[in-house]
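Thanks, everyone. I'll take the salt bridges, then the ligand, then the sheet. Here is the model.

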Amino acid sequence: MPKVHRLGVLTSGGDCAGLNAAIRAVVHRAVYGYGWTVHGIRDGSLGLMNRPIEHQELTLDLFDSNLLRMGGTMLGTTNKGDPFAFPMPDGSLKDRSGEFVEGFHMLGLDALIVIGGDGSLKILDLLCKKGGLPMVGVPKTIDNDVHLTEFAIGFSTAVNVVVDALDRLQPTAASHHRVMILEVMGRDAGHIALSGGIAGGADVILIPEIPYSLAGIVKKIEDVRRSGRNHALVVVAEGCRTEDGATPTVTWGGQQARYGGIGHYLAERLSGRVNAEVRVTVLGHLQRGGQPSMRDRLLASSFGVHAVDLVARGKFNRMVAWQDRGVVDVPISKVVGSARHVEPDGALVHTARGLGTYVGEEQLVSAEQA
Ligand code: F6P
């Protein structure tokens, strides 16, 4: 069993609600439970690569009850700059992984807890393996696409934002007899759209995992009208494709492209084909901010405590996960490398279809078939 005195913790990848709650749980467990000191690394892997090393000792007095409730991450984060191919100012790529490993030793750390999504966990796992650094992972991402965990930190809060948006869009849609399209995040996975769409009463939910047709959407909206309702709600995941197979993207200042634009594409195609005005709302980064939901606070707290316990037991290269109403841990190697998608024949798709929602091109499940 390794002797741990100094524990490092960092957040990596896109931020989300619940990260501060996870950092708090790590500090509480490490300091109260084991008497260790905890060092927060700034801005993901950058903090250990930069000189001087960017870090802060995390003491219990920093963690007044406020942090549990705050969105974002007090440590900062980054979703760019792979240390194995780090973009340099002259446009070249440099392997800076050695600086990361060196930073870990310079700080005198005995182990590292990485709070990140699939991409970050993959890179940090490789970095730690390269340097033989003991590491435990904690899954976070609003996209909820990390394998072997039913929930990642941030997903629940993001879905609540989608539901709140639909609650706000419905009355204005009804007042103006409109079709409201809500474009939500999720990258290549439709978890946010599906859960948010069901909970928010959407008539149409489009996810990257299930092909749709414009004709199918139009038919659903006509059916809604025939049933006597004058408005409709459409939720579309940002990673959905256009009918000719392209995924719309946006770029700012020549930076890496991000998904965006499918909502406006649909509005353009549906206007004139449905007997109503169509409007689009792009929810964007609102889904990542705000106070963490009850579920994200519980998840973050359970994950943080379990991650520290793994370090104490010398169980490394593992990720904490939520399965069957409790916290478990799984090998990181079985988790990283691909995203966990919505299963087209899974329970939530069945629920949505059972409600009469159009979820893409498949037969509606009739009561007899169910
Ligand atoms: O992975 C989280 C996420 O919010 C995705 O849903 C979204 O596509 C992406 O990050 C946005 O990234 P950025 O913050 O760089 O715009």
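D143 is buried, at 8% relative accessibility. Buried here means under 20% relative accessible area, exposed means over 50%, and partly exposed lies in between, with a 1.4 Å probe and protein chains only. Keep in mind that this is a predicted model: local features need pLDDT of at least 70, side-chain atom pairs count only at pLDDT 80 or more, and totals for chains, interfaces and linings use all residues. Residues are numbered from 1 along each chain as its sequence is written, and side-chain values use heavy atoms, with hydrogens and water left out.

What does the side chain of D143 meet in a salt bridge? The partner is R187, at 3.6 Å, N to O. The rule for a salt bridge is a side-chain nitrogen of Lys or Arg within 4 Å of a carboxyl oxygen of Asp or Glu. R187 sits in the loop between β8 and α7 (191–199), and D143 in the loop between β7 (135–139) and α6 (155–176), so the pair ties together parts 44 residues apart in sequence. Helices (H or I, at least four residues) and strands (E, at least two) are DSSP runs, numbered from the N terminus. R187 itself is partly exposed, at 44% relative accessibility.

Next pair. D203 and R229 form a salt bridge at 2.6 Å, N to O. D203 is in the loop between α7 and β9, R229 in the loop between α8 and β10, so this pair ties together parts 26 residues apart in sequence. D203 is buried, at 5% relative accessibility. R229 is partly exposed, at 31%.

Third pair. E102 bridges to R51, with the closest N and O atoms 2.9 Å apart. This one links distant parts of the chain: E102 is in helix α4 (residues 97–106), R51 is in the loop between α2 (46–49) and β3 (55–58), and they are 51 residues apart. Both are partly exposed: E102 has a relative accessible area of 42%, and R51 comes in at 35%.

There is also a network, in which salt bridges link K94, R96 and E99. By this rule the count comes to 15 salt bridges.

Now the ligand. Which residues surround it? D143 and R187 are on the list, together with N79, I142, M185, G186, E238, R258, H285 and R288. The criterion is a residue heavy atom within 4 Å. A polar side-chain atom of N79 lies 3.0 Å from one. For G186 a polar backbone atom is involved, at 3.1 Å. For R288 it is a polar side-chain atom again, at 2.8 Å.

Last, the sheet. Four strands form an open, parallel sheet in the order β9-β10-β8-β13. Strands pair if DSSP finds at least two bridges between them. At the edges are β9 (204–206) and β13 (278–282), each pairing on one side only. The twist averages 15 degrees from one strand to the next. Axes are lines fitted to C-alpha atoms, for helices over the stretch in contact, and angles run from 0 to 180 degrees between N-to-C directions. β8 (residues 179–184) and β13 run parallel, joined by five bridges. I181 has V280 in β13 as its bridge partner.

Two helices pack on this sheet. Helix α8 (residues 214–226) touches β8, β9 and β10 (232–237), where contact means heavy atoms within 4.5 Å. Its direction makes about 160 degrees with that of β9. Helix α9 (residues 262–270) touches β8, β9, β10 and β13, at about 155 degrees to the direction of β8.

Definitions and conventions:
A polar contact is a pair of N or O atoms within 3.5 Å; within protein, one must be able to donate a hydrogen and the other to accept it, and residues adjacent in sequence count only if both atoms are side-chain atoms.
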